[in-house]
Amino acid sequence: MTDHYAVVGNPVAHSMSPAIHAEFARQTGQDIDYMRLLAPLDGFAACIADFRARGGKGVNVTLPFKHEAWNFVTAHAGYALNAGAVNTIDFRDGKIIGYNTDGIGLVRDIKENLQCAIQDKRVLLLGAGGATYGVMEPLLREHPEQLVVANRTVQKAVALVGHFEKLQNFSINGVLATPYHELRQSKFDIVINATSAGLNDEMPSLPSGIFAPGALAYDMVYGKHTPFIKFAAEYGAKISDGTGMLSEQAAESFFVWRGVRPDTAPVIALLKREA
Ligand code: NAP
């Protein structure tokens with residue numbers, strides 16, 4: 001019998017997740033289908049509850065519902081516990097368990113696919129939304145020399161750092177929150193754009209000297225040549241969009257649901273060819 005999964009978001013039409021999970025299912029012989037669910041901005045919980053009541057086995061959660069998903073689930077597993085954000089929900093055995101696979105996906109893409117170490121690097125993370133919460137702990141567990149979080153609404157970056165500072169089971173010494181204009185004197189080895197600005201052909205207002213020689217500029221937005229990517233290329237950084245992260249976080253979700261690990265390489269190659 002076919003098991004049903006979905007990605008829930010608003011907007012969600014741009015999501016590549018159905019194509020990725022269809023390929024993973026084909027590759028591993030799993031009998032699943034996977035659809036997009038557009039939830040009203042005030043109707044996330046009702047949308048998920050309805051999908052579950054109709055026999056849904058699990059969902060991925062995308063913007064802007066990752067914090068709401070954390071509150072919706074009845075238990076947190078893995079990185080979801082500290083992240084305060086959930087991107088994967090498993091409805092197995094009558095439970096509603098929340099996971100966060102975004103950080104695993106990002107770190108795997110940077111380290112393994114792009115062959116760029118994070119340890120001892122100066123890392124700048126742009127944005128303070130659900131995606132940033134999800135990647136904080138996995139990034140810090142790689143022991144960067146420095147992690148700075150910058151956001152347009154600086155209070156949200158301060159709140160994010162405060163959230164992680166309060167954790168009892170994980171310590172985040174030396175992480176700074178800052179507005180963009182205070183980055184003028186700084187250089188970073190890895191700059192990760194975790195804002196949604198690129199979806200609207202915009203970018204955070206960054207100073208031009210932000211990239212250290214040989215720096216990696218990573219935009220979580222995928223399938224678009226975003227203003228951030230163009231800016232980074234102009235100033236000599238190595239560039240990557242979020243296609244690899246998307247595929248790796250999806251593979252981790254697939255593993256949570258099905259207990260089988262798909263091969264991401266052909267999916268990444270296919271998505272990059274189609275972009
Ligand atoms: P979110 O919770 O809605 O947060 C959006 C963030 O973007 C906020 O920090 C917001 O700043 C910032 N922002 C939006 N427009 C901006 C602009 N014009 N200039 C500067 N900052 C701007 O979204 P999210 O869930 O964190 O997701 C962020 C992005 O990452 C989305 O595009 C999503 O598709 C992508 N993502 C990709 C993957 C992947 O696998 N590749 C995984 C997760 C997320 P304010 O706080 O000031 O509003």
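# Questions on a predicted model

Guide: In this predicted model, Pro-64 lies in the loop between β3 (58-61) and α3 (66-72).

Visitor: Is the peptide bond that joins Leu-63 and Pro-64 cis or trans, and what is its omega?

Guide: The bond between Leu-63 and Pro-64 is cis, with omega about 0 degrees. Most peptide bonds are trans. The bond from Asn-10 to Pro-11 is also cis, and its omega is near 5 degrees. Pro-11 sits in the loop between β1 (3-9) and α1 (17-28).

Visitor: Why is Thr-88 called buried?

Guide: Its relative accessibility is 0%. Buried means under 20%, so Thr-88 counts as buried. Thr-88 is found in strand β5 (residues 88-90).

Visitor: Which residues does Thr-88 touch, not counting those up to four places away in sequence?

Guide: Thr-88 touches Val-59, Asn-60, Ile-97, Gly-98, Tyr-99, Thr-101, Ser-253 and Trp-257.

Visitor: What joins the side chains of Thr-88 and Asn-87?

Guide: A polar contact of 2.9 Å joins them. The limit for such a contact is 3.5 Å, and 2.9 Å falls within it.

Visitor: Why does Phe-44 count as buried?

Guide: Phe-44 has 1% relative accessibility, so it counts as buried, the cut-off being under 20%. Phe-44 belongs to helix α2 (residues 44-53). Leaving aside neighbours within four places in sequence, its contacts include Val-8, Phe-65 and Phe-72.

Visitor: What makes Asp-93 exposed?

Guide: The relative accessible area of Asp-93 is 66%; exposed means over 50%, so Asp-93 is exposed.

Visitor: What is the phi of Asp-93 and that of Asp-120?

Guide: Phi is about 55 degrees for Asp-93, a positive value although the residue is not a glycine. For Asp-120, phi is near 65 degrees, again positive in a residue other than glycine. Most residues other than glycine have a negative phi. Asp-93 is found in the loop between β5 and β6 (97-99), and Asp-120 in the loop between α5 (102-113) and β7 (122-126).

Visitor: How many aromatic pairs does the rule give?

Guide: The count comes to 8. In one of them, Tyr-34 and Trp-257 lie 6.3 Å centre to centre, with 50 degrees between the planes.

Visitor: Why is the pair of Tyr-34 and Trp-257 called tilted?

Guide: Planes under 30 degrees apart would be stacked and over 60 edge-to-face, so the angle of 50 degrees makes the pair tilted. The pair links distant parts of the chain: Tyr-34 in strand β2 (residues 32-38) and Trp-257 in helix α9 (residues 243-258) are 223 residues apart.

Visitor: How do you know that the charged end of Arg-261 sits over the ring of Phe-255?

Guide: The distance from the ring centre is 3.9 Å, within the limit of 6 Å. The rule also limits the angle to the ring normal, and the charged end is counted as sitting over the ring.

Visitor: What is the make-up of the protein chain, in helices and strands?

Guide: The chain has 10 helices and 12 strands.

Visitor: Why is the protein chain called as compact as a globular protein of that length?

Guide: Its radius of gyration is 18 Å, close to the 19 Å that the globule rule gives for 275 residues, so the description applies. Of the 275 residues, 54% count as buried.

Definitions and conventions: Residues numbered from 1 in each chain as written. Predicted model: local features only at pLDDT ≥ 70, side-chain atom pairs only at ≥ 80, totals over all residues. Heavy atoms only, no water. Helix = DSSP H or I, 4+ residues; strand = E, 2+ residues; numbered from the N terminus. Buried < 20%, exposed > 50% of the residue type's maximum accessible area, 1.4 Å probe, protein only. Polar contact = N/O pair within 3.5 Å; in protein donor to acceptor, adjacent residues only side chain to side chain. Contact = heavy atoms within 4.5 Å. Phe/Tyr/Trp six-rings, centres within 6.5 Å; stacked < 30°, edge-to-face > 60°. Lys NZ or Arg CZ within 6 Å of the ring centre and 35° of its normal. Rg over C-alpha atoms; globule rule 2.2 N^0.38 Å.
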